Amino acid sequence: MFHNSMPRYEILSSDALATLDSGWRKIVTEIGVQFAKPEAVELFAANGQKVDGETVFLDPEFVLEQVAKAPSEFDMQAPTGLPAPGHGLPGSHHDRQDHHGQRRHRNERRGHRCDG
């Protein structure tokens, strides 16, 4: 297991962060986000978000409330349904292992053999 002990750096200035912040807020409130699944649109509408067809216009405070509920780190799951150890995001621990499993699994389902 590899542990990244390098210090984290602030790569954006406060002005750049302010630009990003105002940009995402404008996108979700004025342009909206299109969802293909009607169930998703219904959930947003039921939670007080403005809906027009497949497009949801999100209140930025609602988005921030939902983001705050997300864990700071989590483990990813492989397409096979099995845990994918060492693929937690955005932690600093990483396994050094073969990362071709997803491609190999997908190709073997199609009847193709893929060894790498």
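The dialogue below takes up the core, a helix, the salt bridges and a surface patch.

Guide: Please bear in mind that this is a predicted model.

Visitor: Which residues make up the largest nonpolar core?

Guide: In soluble globular proteins, nonpolar side chains tend to be buried together. Here the largest nonpolar core has 7 residues: V28, V41, F44, V56, L58, F62 and V63. Helices α2 (38–46) and α3 (60–69) each supply at least two residues of this core. Beyond its neighbours within four places in sequence, V28 is in contact with V33, V56, F57, L58 and P60.

Visitor: How many residues has α1, and what does it reach from its first C-alpha to its last?

Guide: Helix α1 has 18 residues and reaches 25 Å, close to the 26 Å expected at 1.5 Å a residue. G32 follows α1 and has a positive phi, near 85 degrees.

Visitor: Which side chains does R25 meet in a salt bridge?

Guide: Side chains of opposite charge can pair when their charged atoms come close. R25 meets D21 at 3.0 Å, N to O, and both lie in helix α1, 4 residues apart, about one turn of the helix. R25 also meets E61 at 3.6 Å, N to O. That pair links distant parts of the chain, with R25 in helix α1 and E61 in helix α3, 36 residues apart. Through shared partners, D21, R25 and E61 are joined into one network.

Visitor: Is Y9 buried or exposed?

Guide: Y9 is exposed, at a relative accessible area of 62%. Together with I11, L12, L17 and L20, Y9 makes a nonpolar surface patch of about 580 Å².

Definitions and conventions: Residues numbered from 1 in each chain as written. Predicted model: local features only at pLDDT ≥ 70, side-chain atom pairs only at ≥ 80, totals over all residues. Heavy atoms only, no water. Patch = residues over 30% accessible without salt bridge, like charges linked within 9 Å, V, L, I, M, F, W, Y side chains within 5 Å. Areas by Shrake-Rupley, 256 points an atom, 1.4 Å probe, with all protein chains shown as cover. Salt bridge = Lys/Arg side-chain N within 4 Å of Asp/Glu carboxyl O. Buried < 20%, exposed > 50% of the residue type's maximum accessible area, 1.4 Å probe, protein only. Core = buried A, V, L, I, M, F, W, Y, C linked by side-chain atoms within 4.5 Å. Contact = heavy atoms within 4.5 Å. Expected span 1.5 Å × (residues − 1).
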